[in-house]
Amino acid sequence: MQVVLTIKNHTMKKRINLKRIFLILSAIAIAAALYGYREFNRKNKSLHDVEAIIHLKSADLITQFSTDEKKAMTAYAGKAVAVSGTVKTIDKDDKGFYTIVLGNNESMSSVRCSIDSTESSQAAAIQSNSTISIKGICTGYDADEMGLGADVILNRCVIETTK
């Protein structure tokens, strides 16, 4: 009789432990699924609410990158930068996304600003040769080895002011 009770107690304890393990693993799986869903559907923070680390003229930014690309990348890559200058061109791709190119018309180098999709209507109203201030995340520098100019790349740009 004692042996039967011991076996039953052991079996019940084993079931209770298995239930606890199952509940803990289920809670972890649910938490991981919720975290994954939230990250997958997360939106980028609007750059209107982000303070730029520096305000520069487009020519000054181009000069810094062409003089010492490594130092400029360390200083600006992944950070919000505000750039002002003259609009060279406004490009619209086949998906309706705008890129505003800032720089001096005599120079082949420029600052290419990929406009945030929420700013499309404002970008459409911009005119060539107007003066503008744009804030964006600096993502790189595209140097041309053939001497045809180079581009500083800004993404998720928002238009601050136009003149």
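**Notes on the core, rings and cysteines**

1. Let's start in the middle: the largest nonpolar core has 26 residues, and Ile100, Leu102 and Val111 touch the most other members. A nonpolar core here is a set of buried Ala, Val, Leu, Ile, Met, Phe, Trp, Tyr and Cys residues joined through side-chain atoms within 4.5 Å. Buried means under 20% relative accessible area, exposed over 50%, and partly exposed in between, with a 1.4 Å probe and protein chains only. The elements giving two or more residues to this core are helices H2 (58–67) and H3 (69–76), together with strands S2 (80–92), S3 (98–102), S4 (110–115), S5 (131–142) and S6 (151–162). Helices (H or I, at least four residues) and strands (E, at least two) are DSSP runs numbered from the N terminus.

2. Please keep in mind that this is a predicted model, where local features need pLDDT of at least 70, side-chain atom pairs count only at pLDDT 80 or more, and totals for chains, interfaces and linings use all residues. Residues are numbered from 1 along each chain as its sequence is written, and side-chain values use heavy atoms, with hydrogens and water left out.

3. Ile100 deserves a look of its own. Leaving aside residues up to four places away in sequence, Ile100 touches Val87, Thr89, Ile90, Val111, Arg112, Cys113, Ile115, Ala123, Ile126, Ile132, Ile134 and Ile159. Contact means heavy atoms within 4.5 Å.

4. Now the aromatic rings. The structure holds two aromatic pairs. Rings of Phe, Tyr and Trp (its six-membered ring) pair if their centres lie within 6.5 Å; planes under 30 degrees apart count as stacked, over 60 as edge-to-face and the rest as tilted. Phe65 and Tyr76 are a tilted pair because their planes are at 40°, with ring centres 6.2 Å apart. This pair joins helix H2 to helix H3, its residues 11 apart in the chain.

5. Phe65 also pairs with Tyr141, this time stacked, at 5.3 Å centre to centre and 20° between the planes. Here helix H2 is linked to strand S5 across 76 residues. Phe65 counts as buried at 1% relative accessibility, and Tyr141 is buried at 16%.

6. Finally, the cysteines. A search of the whole structure finds zero disulfides (pairs of cysteine sulfur atoms within 2.5 Å). Cys113 is in none, with the nearest cysteine sulfur, that of Cys157, 4.4 Å away. Cys113 is buried at 0% relative accessibility, and Cys138 is buried at 1%.
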